Amino acid sequence: MQLTILDRVERPAEDVVALTLRGANGPLAPWEPGAHVDLTLPNWLTRQYSLCGDPEDRERYRIAVRHERLSRGGSDYIHRYLRQGRTLEVSLPRNHFPLVPAPGYLFLAGGIGITAILPMVRAAARAGASCSLVYVGRSYAAMPFAGELRAAYGDRVTIVATDHDDRPDLAALAAALGPETVVYSCGPASLLASCEAFFPAGRLHVERFRPAPRTFAPDAAFDVVCARSGRTVPVPADESLLSALTHAGLPVPAGCREGVCGSCELTVLEGEPEHRDDVGAAPGRMYACVSRSLSSRLVIDL
């Protein structure tokens, strides 16, 4: 974990607060566009937020949080109670949404999804790549950083406020896509589903707020052997691996608990995990919050 001080609190749009976090003990860990961090709040909640500042600024991180009044408490706490000068812990950055090198980019952001896309646009422009951004929101006043983007990148940015603009024609954008242009999108499920319908899968990269709806086989019980501790923990059919480990006194750090943030990654030494995450677990890895086992026994490095 890294210790930071809340250096600045801004409100770049309706119901959005931007937090600038300064390293309390010197430079912060480096990061690249697409990365996010876990922010540990004073009420003991941990939440994940995309870094939307400048990777070249090693002294500060910036995140932006929309106020979700029906959320699990993280955004509400941030909007109501966090004040400048507060000391906060953040994790080292993780990146499951990296910007791949390409001669051209089309970025599509929906609402607060602009936080993941913003540093990508900056990086693409700095690299001299051809890039354009379509940014969709319910109203201009509710779209953080819209003015900043328009001022910096001019007609490469299209702002679509659905309270008075037509939604973007994704079919037309797909038809006009250059042969080497890749597409990045972050936003609500409806936007991502539309992108998946129109853009080639091999050239489309998405990041989700919530897991994609999918159907799995009925949950079955299995045993997990923790190689380092020598413990064997039964995982009932009605309990997650993450919960079973916690109840056994072997807690694993976890944030979203929905398979989208990657904070509860485990190394699998034996057995066949059933991947149910939206991160894309690497070989020999699994995410304890949602994934289960296709074998009766898993051995993990814990």
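**Chain overview and helix α3**

A: Surface first: the accessible surface of the protein chain is about 14300 Å². Carbon and sulfur atoms hold 50% of that. Keep in mind that this is a predicted model.

Q: What helices and strands does the protein chain have?

A: The protein chain has six helices and 18 strands. Its radius of gyration is 20 Å, close to the 19 Å from the globule rule for 302 residues, so the chain is as compact as a globular protein of that length.

Q: And what does the C-alpha trace span along its principal axes?

A: About 60 × 50 × 35 Å.

Q: How much of the protein chain is buried?

A: Buried residues are 49% of the 302.

Q: What about contacts between residues 24 or more positions apart?

A: Those make up 62% of the contacts with a separation of 6 or more.

Q: Now helix α3. Which of its residues are buried?

A: α3 covers residues 146-153, and its buried residues are Ala-146, Leu-149 and Tyr-153. They sit on the same side of α3, because their arc around the axis is only 70°.

Q: Why would that spacing work?

A: An α-helix has 3.6 residues a turn, so residues three or four places apart point the same way.

Q: What do the buried residues of α3 pack against?

A: Three elements: α2 (114-126), β8 (130-137) and β9 (157-161).

Q: And what follows α3?

A: Gly-154, with a positive phi near 55°.

Terms used
Residues numbered from 1 in each chain as written. Predicted model: local features only at pLDDT ≥ 70, side-chain atom pairs only at ≥ 80, totals over all residues. Heavy atoms only, no water. Helix = DSSP H or I, 4+ residues; strand = E, 2+ residues; numbered from the N terminus. Rg over C-alpha atoms; globule rule 2.2 N^0.38 Å. Buried < 20%, exposed > 50% of the residue type's maximum accessible area, 1.4 Å probe, protein only. Contact = heavy atoms within 4.5 Å. Areas by Shrake-Rupley, 256 points an atom, 1.4 Å probe, with all protein chains shown as cover. Arc of directions from axis to C-beta.
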